[in-house]
There are 2 protein chains.
Amino acid sequence: MFENQERTNIESLGEFGLIDHLTKKIDLKNKSSQKGVGDDAAVIDFNGKRALVSTDMLLEGIHFDLAYTPLKHLGYKAIQVNLSDIYAMNGIASQVLVSLGISSRFPLEAIEELYEGIYLACEKYNVDLVGGDTTSSRQGLVISVTVLGYADEKDIVYRNGAEAGDLVCVSGDLGGAYVGLQLLEREKMVYLENPNIQPDLEGKDYIVERQLKPEARKDIVELLKELGVKPTSMIDISDGLASEILHICTQSDKGCNLYEEKIPIDPMTYSTAREFNLDPTICALSGGEDYELLFTIKQADYEKMKNLADISFIGYITESSAGRNLIAKSGAVHELKAQGWNAFNKKH
Amino acid sequence: MFENQERTNIESLGEFGLIDHLTKKIDLKNKSSQKGVGDDAAVIDFNGKRALVSTDMLLEGIHFDLAYTPLKHLGYKAIQVNLSDIYAMNGIASQVLVSLGISSRFPLEAIEELYEGIYLACEKYNVDLVGGDTTSSRQGLVISVTVLGYADEKDIVYRNGAEAGDLVCVSGDLGGAYVGLQLLEREKMVYLENPNIQPDLEGKDYIVERQLKPEARKDIVELLKELGVKPTSMIDISDGLASEILHICTQSDKGCNLYEEKIPIDPMTYSTAREFNLDPTICALSGGEDYELLFTIKQADYEKMKNLADISFIGYITESSAGRNLIAKSGAVHELKAQGWNAFNKKH
C-alpha cells in the first residue's frame, strides 16, 4: 500500500530518533500538563497534587517468549516494568489499567494465570487494577499497561536535574536480567533440538528470576524519603546502564565519569556471563531489563547513604565538556555509548 | 503449551463474561481509587479533583483493515474512541498516551500519517499527547491509547444512576458507522476480485465518515453544562444502542421502554442498510461504533432540552420488573438483547 510513496526505514532513525521525530512538534496546551514526553512518566497537575502516568506495551515475540516465560511471571513483570517508571519519578504508584489482546490459542486458564501474576504484583505493591480493554488478537499476545501514581510537586525527580559534582548511584546489581535471558534462550535451543533433555537451570535461580520476575524498587523511594535524601535526577534501568546515564547527562546537559570496578554485578551474573563468553561489564552497561534505579545525589547527602548495602556509588557528574566516560579497571578511559540489546523499542 | 491442562474456550464466556470473571475479585485498596472497572472510565481522587482515566486497544485485522482505512483517519479515530469514554463520564479530556507496535512493513512516512491524525484529533479537542511507548511488532499494527480527563465530583455521571421515569436520550444518529463498514467491506471485495474497478462510494460520504472518522461528543457535554442539565446516567455507544442501554439498566437495576420509531437514523444510513438487505433498526441497535452519547435525564429537565435538534428522546426508564423492551413500529413488544457485531471485544 505504500508502493508509490517515499519510504524511509524506521530503523534508520536510530533508537530514539523515531520518538524525537514524531513528538518534536508537541506544544502542550493544557496547563495541567506539567511534563509530557521525555521522562519516565508524564506529570499532570490536579489541584496541586501531581498525577504521574506512564505506559508500556509488551508484544509476544518481541518482549517475551512463551516457550520459557510462565504466564504468571509475565503478568507480574508487565506490572513491575510500569511501576518502575513511577518510582523513577520518586512517586508512589497507585493504579493500573491493563489491556490485553488475546489470540484464540489461549484458553481461559492461560488468561487466569496471567491475571494471577498481575494481581500478585498489584497486591504486593498496593496498586489497584481500575480498568483496561480486552480484545481478541489475530496474532500473538499483546499486553499494554498504563500506571498512575502521585507525588507532591516538591518531591518529583526528573532526569534533568544532575549537577557537576553529584554522585551517581545505582540500586541492587546489574546485568543479571540479560544473562538470565541468555541462559533461557540456550535452554530453549537445547529443548528444540531434543525435547527429552530437561532444562539445566540448576543453581541459576537468581539470574533467571532477574529476567522473568523483576521487582520494581519501591523500597528505594521509601528509603530515600526516610533518609531525607531527594536525588537530583533519576531514571529506571530498562535499557542498560549506559543508555540511562546518557539520558541523564543529555537532559541535564552534563558529563560523567563512571568507574567499571564500582558497577555492582552479582557473582552469579559474573560467572554465567563468562560461561557465555560475555563481558560482565558489557552486560551491565547494555543488557537492560534490570529495573534498578539510577540516580544522582548531592555530595552533601553521601554521609546519609554511604553505609547502605543495596546502593552503589559508581561515579560522578561532570561538566558537559568533560564528556561521558567509563574508566575501565585497567585505567583506560572509554566513551560511554548506548547499545541497548533491543534497538527499536523505546519508551517516551 | 496447554496440552495437559483444562481448557475453557474464552468465547464460551460470552461478551462480558471474561471481564467479570477476571475482575470479580478486585478489592480497591487505595482510597484515591473512587471507581474501578465497570464504567466508561475509572475515577481517581486527587485532592478533591477527580481524574478520569480510560484505555482502548486497536489491533489490525480486528478493529481496522488497512485495505480501506487511511492511516491518518485511523490515528484520528484511535484518539476519538478514547475521548468518547471521558465525555461519557461528563468529564473533559485533557491528555492522551499513545503506544504503538509497528511492523517492519511500515515506512516512517506511514507512521507520520498515523500521527498526523493523532495530532489533528488532539488539536481539535484540546488534548495533549504526553507519553507512550513505541516498539516493533512482529505482525500487524497495534495501537493502545490511554486518555486522562477531569471533572468535579459533583459533575461525574456514572452508568448506575438512572431512575424509573427518567427519559432516555441519544445524541446524533445511529447505525451509520456499521452501514458504512458494510459499504467499505463490499468495495474491498469488489477490488480484490478486480483491481481495475474503482471503489463506488459516490454520495456515501456521510456513512463512510461515520465509520472512518467518528467525532466524540464533547459538544454534548458542554451543551449539558450550559443548559444546567446533569444526566442521571450516561454511556457512549461503542457496541450498539441495545448493549449500552442494557448496561445502564443493569447497573441502575432498572428496566426501560424504547420506541423503535424514535431511534434517530440518518436517511442515508436507512437507504444504504436497505440496499444491503439489513434492517436499519438492527443496525442502530447492534451496529456500534457510532460514539454517540446515550443518557438519561429527569423528566423535569425535558423543557430545557426538548428543542435541541441533535438530541432524540427514545424512551424512558422503568422499574426493573417491567423488563427491557423495544416497542416496534407495529406496536409489538420485543425484549432488548445485546448482540454486538464483535462478540469478543470488551472494554472494562
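**Entry 1: the sheet of chain B**

I began with the sheet of chain B, where seven strands form an open sheet in the order S8-S10-S7-S11-S9-S12-S13 with mixed pairing. I took two strands as paired if DSSP finds at least two bridges between them, and I took helices (H or I, at least four residues) and strands (E, at least two) as DSSP runs, numbered from the N terminus. S8(B), residues 233–236, and S13(B), residues 333–335, stand at the edges with a single partner strand each, so one side of each is left without a neighbour in the sheet. I noted that neighbouring strands are turned by 25 degrees against each other on average, direction ignored; axes here are lines fitted to C-alpha atoms, for helices over the stretch in contact, and angles run from 0 to 180 degrees between N-to-C directions.

This is a predicted model, in which local features need pLDDT of at least 70 and side-chain atom pairs count only at pLDDT 80 or more, while totals for chains, interfaces and linings use all residues. Residues are numbered from 1 along each chain as its sequence is written, and chains are lettered from A and ligands numbered from 1 in the order in which they are written.

**Entry 2: helix H7 of chain B**

Helix H7(B), residues 241–252, packs on this sheet and touches S7(B), S8(B), S9(B), S10(B) and S12(B), its direction making about 150 degrees with that of S9(B). For contact I used C-beta atoms, placed from the backbone, that lie within 7 Å.

I checked the length of the helix: at 1.5 Å a residue the 12 residues of H7(B) should span 16 Å, and the end C-alpha atoms are 16 Å apart, which agrees. The expected span is 1.5 Å times one less than the number of residues.

Nine of the 12 residues of H7(B) are buried, so the helix is largely enclosed by the rest of the structure; among them are Leu241(B), Ile245(B), Ile248(B) and Cys249(B). A residue is buried if 20 or more other C-beta atoms lie within 10 Å of its own, exposed if 12 or fewer, and partly exposed in between. The buried residues of H7(B) pack against several elements of chain B, including helix H9 (280–286). Just after the helix, Asp253(B) takes a positive phi of about 55 degrees.

I then turned to H3(B), residues 108–124, whose 17 residues should span 24 Å at 1.5 Å a residue; the end C-alpha atoms are 24 Å apart, which agrees. Its buried residues include Leu108(B), Ile111(B), Leu114(B) and Ile118(B), and they pack against helix H1 (17–23) of chain A as well as H2, S4 and S5 of chain B. H3(B) is followed by Asn126(B), whose phi is positive, near 55 degrees.

For the interface, I recorded 73 residues of chain B in contact with 71 residues of chain A. S5(B) gives the most to the side of chain B that touches chain A, with nine residues. By class, that side has 33 nonpolar, 29 polar and 11 charged residues, where Ala, Val, Leu, Ile, Met, Phe, Trp, Tyr, Cys and Pro count as nonpolar, Asp, Glu, Lys and Arg as charged, and the others, Gly among them, as polar.

**Entry 3: strand S12 of chain A**

S12(A), residues 324–327, has a covered face with Arg324(A) and Leu326(A), and an uncovered one with Asn325(A) and Ile327(A). S12(A) pairs in the parallel sense with S9(A) over four bridges, Arg324(A) being the bridge partner of Cys256(A). Three bridges join S12(A) to the antiparallel strand S13(A), and Ile327(A) has Val333(A) as its bridge partner. I noted five residues between these two strands of the hairpin, with Gly331(A) in the turn at a positive phi of about 95 degrees.

Definitions and conventions: Contact = placed C-beta atoms within 7 Å.
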